[in-house]
Amino acid sequence: MELPRRCSTGLFTCPVVCAAQSAGSPGNMESSANEEYKIQSFDNETQQLLKTALKEPSGVDLEKVANVIVDQSLKDQLFSKEAGRICYTIVQAEAKQSNSSAFRRSLLNRLQQEFKRREEIRSRSTQEWVCYVTFICNVFDYLKVNNMPMMALVNPVYDCLFRLAQPDSLQNEEEVDCLVLQLHRIGEQLEKMRAERMDELFFLLRDGFLLQEGLSSLGRLLLLEILEFRAGGWSLSGTAQKYYYSEVTD
């Protein structure tokens with residue numbers, strides 16, 4: 001699946017045609033670049049905790065590491081987009097070092113806690129809510145079991161995307177943008193896991209596009225683009241890409 005990169009247009013990021021790189025591919029993890037995985041924003045003690053977790057996870061409290069990563073993801077949108085890569089690296093290092101999965105368990109437990117209070121998060125802060133959705137989708141994208149997405153995350157991820165497809169969320173450009181970005185990133189994987197839920201989600205998006213009043217022009221454009229993206233087998237023709245690119249940048 002080719003994923004369009006996103007370009008910034010003011011407050012939001014919008015799909016544009018660019019050279020695509022699979023966001024779901026861990027790629028060359030040796031280039032531990034992404035460098036230090038955006039952990040420079042932490043204080044020195046926390047940086048050291050994360051650096052140790054990335055290399056020798058048995059040497060640190062992995063529940064504490066999971067909480068640090070989730071806490072930062074909820075308040076830092078840039079970090080929430082990178083956090084899945086960090087989690088992937090720690091999971092791999094732990095499996096190699098001790099053949100255990102304590103970090104993954106702690107991470108899933110914390111994600112479940114936040115999931116249960118998702119409406120509270122959304123009511124308190126749209127940005128925090130968008131960060132949470134971005135993070136859980138990022139984790140879904142990176143963490144695999146036997147090269148398959150984790151079943152434990154499939155329905156929670158769907159539930160988050162369904163919430164973003166409700167009428168009140170569709171009137172918020174930040175939430176629409178988050179929804180479209182996540183569908184670009186993991187929509188094809190999700191559909192393979194539970195196709196009937198993807199059908200239901202896109203019925204909502206189609207009805208929202210056609211029937212809902214109060215959508216902004218950008219929100220309507222984003223919905224049209226993702227409807228066409230899925231209809232095209234999770235890709236856009238060159239003509240369509242040029243159209244959406246020109247509309248977004250105008």
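Helix H7 (residues 126-142) is mostly covered, with 15 of its 17 residues buried. Buried here stands for under 20% relative accessible area, exposed for over 50%, and partly exposed for anything in between, using a 1.4 Å probe and protein chains only. Helices are DSSP runs of H or I with at least four residues, strands are runs of E with at least two, and both are numbered from the N terminus.

Before we go further, a word on the model: it is predicted, so local features need pLDDT of at least 70 and side-chain atom pairs count only at pLDDT 80 or more, while totals for chains, interfaces and linings use all residues. Residues are numbered from 1 along each chain as its sequence is written, and side-chain values use heavy atoms, with hydrogens and water left out.

Let's stay with H7 for a moment. The end C-alpha atoms of H7 are 24 Å apart, which agrees with the 24 Å that its 17 residues should span at 1.5 Å a residue. The expected span is 1.5 Å times one less than the number of residues in the helix.

How do H5 and H7 meet? Two packed helices are described by the angle between their axes and the distance between the axes. The axes of H5 and H7 come within 12 Å and cross at roughly 145°. These axes are lines fitted to C-alpha atoms, for helices over the stretch in contact, and the angles run from 0 to 180 degrees between N-to-C directions. H5 passes H7 in a left-handed crossing, a term for a near helix turned anticlockwise from the far one by less than a right angle, with clockwise making it right-handed. On the H5 side the contact is made by Leu107, Leu111, Glu114 and Phe115, and on the H7 side by Tyr132, Phe135, Ile136 and Val139; contact means heavy atoms within 4.5 Å.

Now look along H5 itself. Its buried residues are Phe103, Ser106, Leu107, Arg110, Leu111, Glu114 and Phe115. An α-helix has 3.6 residues a turn, so residues three or four places apart point the same way. The cover over the buried residues of H5 includes helix H3 (62-75), helix H4 (77-98), helix H6 (118-124), H7 and helix H8 (151-164). Leaving aside neighbours within four places in sequence, Ser106 is in contact with Leu62, Glu63 and Ala66. The C-alpha atoms of Ser106 and Asn67 are separated by 8.1 Å, although these residues are 39 apart along the chain.

Turning to the cysteines, the structure holds zero disulfides, a disulfide being a pair of cysteine sulfur atoms within 2.5 Å. For Cys131, the nearest cysteine sulfur is that of Cys178, 8.7 Å away. Cys160 has Cys137 as its closest partner by sulfur, at 6.7 Å, and so is too far for a bond. Cys131 is buried at a relative accessible area of 0%, and Cys160 is buried at 0%.

Our last stop is the loop between strand E3 (144-145) and strand E4 (148-149), where Asn146 is found. Phi of Asn146 is near 55°, a positive value in a residue other than glycine. Asn147 lies in the loop between E3 and E4 too, with a positive phi near 65°. Asn146 is exposed at 73% relative accessible area, and Asn147 counts as exposed at 74%.
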